[in-house]
2 protein chains.
Amino acid sequence: MEIDYQHIKVIGFDADDTLWVNETYFREAEEKFASLLEGYETKNKIDQELFKMEIDNLELYGYGIKGFMLSMIESALDLSNQQVPQKTIADILDIGKEMISHPVELLNDVEMVLEKLSKKYRLIVLTKGDLLDQERKLERSNLLHYFHHVEVLSDKKEQNYLNLLAHLEVPVNEFLMIGNSLKSDILPLVNIGAKAIHVPFHTTWQHEEVTENDTNGKTYHTINGLKELLKLL
Amino acid sequence: MEIDYQHIKVIGFDADDTLWVNETYFREAEEKFASLLEGYETKNKIDQELFKMEIDNLELYGYGIKGFMLSMIESALDLSNQQVPQKTIADILDIGKEMISHPVELLNDVEMVLEKLSKKYRLIVLTKGDLLDQERKLERSNLLHYFHHVEVLSDKKEQNYLNLLAHLEVPVNEFLMIGNSLKSDILPLVNIGAKAIHVPFHTTWQHEEVTENDTNGKTYHTINGLKELLKLL
């Protein structure tokens with residue numbers, strides 16, 4: 001596949017699961033949640049109900065750990081017919097607080113790749129989720145100095161990207177997005193005429209999954225790690 | 001007091017309790033929370049403990065309704081020695097969800113004042129709190145078209161304002177901030193050499209209160225309603 005990156009001047013990086021580990025902690029929290037409630041339902045049913053609750057609450061709470069905590073609490077009440085011990089609610093709060101305070105674990109080669117690319121391109125961070133959480137992670141990552149701009153979006157749909165590129169005065173054809181989520185980081189960009197490179201992470205939240213139908217005929221590179229960016233650009 | 005606004009080109013508006021009602025809903029939620037827990041402690045003690053919990057969690061959760069919901073749940077567990085009925089936790093979730101879905105109530109004269117000022121100045125919104133909540137309120141307010149830029153900050157300290165003005169390329173002496181919170185909207189601006197006009201709201205969250213010591217010697221106008229801006233500018 002021949003894709004021409006020669007017009008690219010600005011590169012946007014997704015953060016969670018592109019620069020650092022994130023989804024893994026949600027999987028771990030879901031495991032702990034399922035153990036706490038194992039007396040009430042099968043693990044499978046607990047997982048399903050929590051996911052359904054998150055999706056039902058997504059419009060109200062948006063993305064991020066606080067909304068996830070509230071959905072865990074609501075699921076615990078529902079799954080147990082309000083019989084769940086009060087101590088379990090306290091444990092759920094602890095699971096969430098631990099997630100928020102978790103140290104940032106950078107993915108492989110992030111620093112080296114940003115260092116090299118920052119000499120040739122204007123780099124920005126485009127993440128969605130909780131403003132404070134994302135600012136805190138960037139701060140702790142020690143990566144902030146590589147970036148000209150950081151934008152935390154409430155969602156990553158085509159219109160969000162168009163608005164942002166207009167605001168930053170970046171022409172669509174000069175923009176390349178790098179991220180792990182086909183739904184949020186790749187397809188909306190390809191659809192608006194920008195470039196995107198997919199770097200899959202080993203686990204993807206069910207909500208971010210797309211079907212073959214969505215990706216058919218879309219043109220973008222998929223790489224195995226950020227380091228491969230240096231061969232493409 | 002003679003304050004010269006002739007260099008002002010950009011006006012920043014706080015949103016909560018400056019453009020629309022907000023703190024009132026928190027007061028109402030606190031009342032409901034106290035009623036739910038009245039069997040365990042005096043109203044006064046319940047109020048105090050909830051406030052203390054919010055402050056203890058502020059660094060972790062930041063500002064906004066979701067963090068407030070989580071702090072109410074944690075307080076309910078603490079105040080009752082984990083004896084609070086599970087139904088009460090469900091009621092607390094409902095209180096919060098109702099806050100998030102509340103229609104936007106504009107304060108007096110907001111639309112008229114923005115309409116007039118937008119012809120002479122570049123208007124921006126600077127709020128703190130939850131990104132999704134604030135975007136949703138702006139959307140529902142129908143005020144979005146008056147503003148050149150909307151920025152949701154994780155906090156409103158001097159450095160947050162300096163970073164933002166630098167990013168927007170607005171010289172400090174051309175910037176005027178309008179808001180109801182001395183701590184967040186007025187004093188940081190006066191301290192960095194920008195202008196600020198205080199429009200008090202009838203209720204202020206305890207965390208936002210400042211002492212006379214903080215305001216002594218600081219130069220800013222206080223007005224009784226947004227309409228009075230038209231006389232000053």
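The model is predicted: local features need pLDDT of at least 70, side-chain atom pairs count only at pLDDT 80 or more, and totals for chains, interfaces and linings use all residues. Residues are numbered from 1 along each chain as its sequence is written, while chains are lettered from A and ligands numbered from 1 in the order in which they are written.

**Stop 1: the sheet.** Select the strands of chain B. Six of them form an open sheet in the order β3-β2-β1-β4-β5-β6, with parallel pairing. Strands (E, at least two residues) and helices (H or I, at least four) are DSSP runs, numbered from the N terminus. Strands pair if DSSP finds at least two bridges between them.

Now pick the edges, β3 (149-153) and β6 (221-222) of chain B. Each has a single partner strand, so one side of each lacks a neighbour in the sheet.

**Stop 2: β1 and β4.** Select residues 10-13 and 175-179 of chain B. These parallel strands are joined by four bridges. Zoom to B:Ile11; its bridge partner in β4(B) is B:Leu176.

**Stop 3: the interface.** Show both chains. 25 residues of chain B are in contact with 25 residues of chain A (C-beta atoms, placed from the backbone, within 7 Å). On the chain B side, α2 (43-61), α3 (65-79), α4 (86-101) and α6 (131-141) each give two or more residues.

**Stop 4: the symmetry.** Superpose chain B on chain A: the rotation is 180°, with 0.0 Å of shift along its axis and RMSD 0.0 Å (least squares on C-alpha atoms of residues with pLDDT of at least 70 in both copies). That is the relation of a two-fold axis. 100% of the interface residues of chain B are also interface residues in chain A, so the copies meet through the same surface.

Technical notes
Contact = placed C-beta atoms within 7 Å.
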